[in-house]
Amino acid sequence: MKEHFKILIIGGGNAGLSVASQLISKKSNLNIGIIEPSQKHYYQPAWTLVGAGIYDINKTVRNEKNYIPKNSTWIIDAVTEFMPSENKVLCKSGKEISYDYLVVSPGIQLDWDKIKSLKETLGKNNVSSNYLFEFAPKTWGFIQNFKGGTDVFTNPPTPIKCGGAPHKIMYLACDYWKTKGILDKCDVHYVSGGAGIFGVPEYAETLKEVLKKFEIITHFNSNVISINGDTKKIVYETQATDETIKQNLSTLDAYCYTIAPHDPNAETKKVSLKFDLCHAVPPQSAPDFVKKSPLADSNSPYGFVEVDKYTLQHSRFPNVFALGDCTNAPCSKTGAAIRKQAPVVVANILSVLKQQKPTASYDGYSACPIPTQYGKLMLAEFDYDNKPKMTFPFDQAKPRWTMWKLKTKILPWLYWNKILKGTV
Ligand SMILES: Cc1cc2nc3c(=O)[nH]c(=O)nc-3n(C[C@H](O)[C@H](O)[C@H](O)COP(=O)(O)OP(=O)(O)OC[C@H]3O[C@@H](n4cnc5c(N)ncnc54)[C@H](O)[C@@H]3O)c2cc1C
């Protein structure tokens, strides 16, 4: 059976539903189809709070059907193939669905298999990850029951959703252990594929102080390749000098905020670290069906959808737009970014529907709410140029209780009641 929609949206997550709701509120007679396989919708930004023991995991999931906008059609299926030259997609059920305009928003893929032994040990042996609904509560269990030892928090070298999530949980864990009086028995390591703690210098300064306060040892430009829960050993690859590695491995050295010198021509070494507790974040890339499709950016190993970073229109297929975690726009992949991307995609689709040029432009805005301890949060907001774009009339690089309240109370409410309904 063949179906056709004026606008077909792939993925009914944060991005897909925001665009669908906003399009309908602007033009209610559009024939919109949303292909989304999941009966459940997740508010992922709260998983960090679940991992820190201050948010109920059950409050992060709701029924998708309650958020599909009226006047749109939900197709409960998964896309397996894009055929943009023929303006159609193929679904898992075998159904072909055609469109006039396509919005691509199926999120990002978690590549657990890229870290050897991780999948087998997740949720056991004090190894967890806030990146999955079922494991975020386990993170809290492990943090709460920890009695001291070596803690490793990992961050992959690939683009990921919420670049702050790998270290947010680390600060909260350290603060919890400090309050419990065991932080001095903890040897905390941050093993990251990034070159520093944060890309925006104004916010990085604050985080460097937090790293120093908790005496966290950082290993930058490091690629974790194996996490074994049975042997309690993590292995990472690095091109850092022997001296830097030695310095980083020394628990006595608190030069935690040094950015490791990186020489791309240097020899790659494997370093192993014993751990007692590990919070792991997997490498990420575009979903495989996007990666292998004509929509993918062939210059990128991650296979993200190739868009104009300002208009979010596909670079080669003008009736295709993409937003959210699946695109190659060089912004930070967050729900906050989607809040600014969705109106741009909507305005540009409405323009092309009228045979006009897409002129609405996205400036790369993203936000990362980083809790630096329980009750204090730094709301980092920035754009494509890594320039701060602060919303509030105060210095947002300073962690504040009001921003903590924003993250823990106001943003979840806004998400379910306004953002998904297209009214913010
Ligand atoms: C631990 C964690 C903490 C985070 N913290 C924050 C934060 O503090 N602030 C913030 O702004 N953001 C945060 N984020 C990021 C935020 O959740 C994502 O950026 C956002 O959800 C991306 O929206 P999306 O629509 O692109 O993808 P998603 O919301 O993931 O939705 C993608 C949808 O596509 C569907 N789909 C998948 N495959 C197919 C297919 N084949 N066919 C059709 N549909 C498909 C999926 O079922 C899903 O519903 C966090 C994420 C995590 C995991």
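A residue is counted as buried when its relative accessible area is under 20%, and in this predicted model Cys-368 falls into that class, because its relative accessibility is 2%. Cys-186 is likewise buried, with a relative accessible area of 14%.

For Cys-186, the nearest cysteine sulfur belongs to Cys-174 and lies 7.2 Å away. For Cys-368, the closest cysteine sulfur is that of Cys-162, at 4.3 Å, which is too far for a bond because a disulfide requires the two sulfur atoms to be within 2.5 Å.

The strands β14, β15 and β16 form an open sheet, in which they follow one another in the order β14-β15-β16 and pair in an antiparallel manner. Because β14 (residues 222–228) and β16 (residues 269–274) each have a single partner strand, they stand at the edges of the sheet, and one side of each is left without a neighbour there. From one strand to the next, the twist of this sheet averages 25°.

Within the sheet, strand β15, which spans residues 233–238, is joined to β16 by 6 bridges, the two strands running antiparallel. As regards individual positions, Ile-234 is placed opposite Leu-273, a residue of β16. In general, the strands of a sheet pair through hydrogen bonds of the backbone, in either a parallel or an antiparallel arrangement; in the sheet described here, the pairing is antiparallel.

Methods: Residues numbered from 1 in each chain as written. Predicted model: local features only at pLDDT ≥ 70, side-chain atom pairs only at ≥ 80, totals over all residues. Heavy atoms only, no water. Pairing = 2+ DSSP bridges. Helix = DSSP H or I, 4+ residues; strand = E, 2+ residues; numbered from the N terminus. Axes fitted to C-alpha atoms, helices over the stretch in contact; angles between N-to-C directions. Buried < 20%, exposed > 50% of the residue type's maximum accessible area, 1.4 Å probe, protein only.
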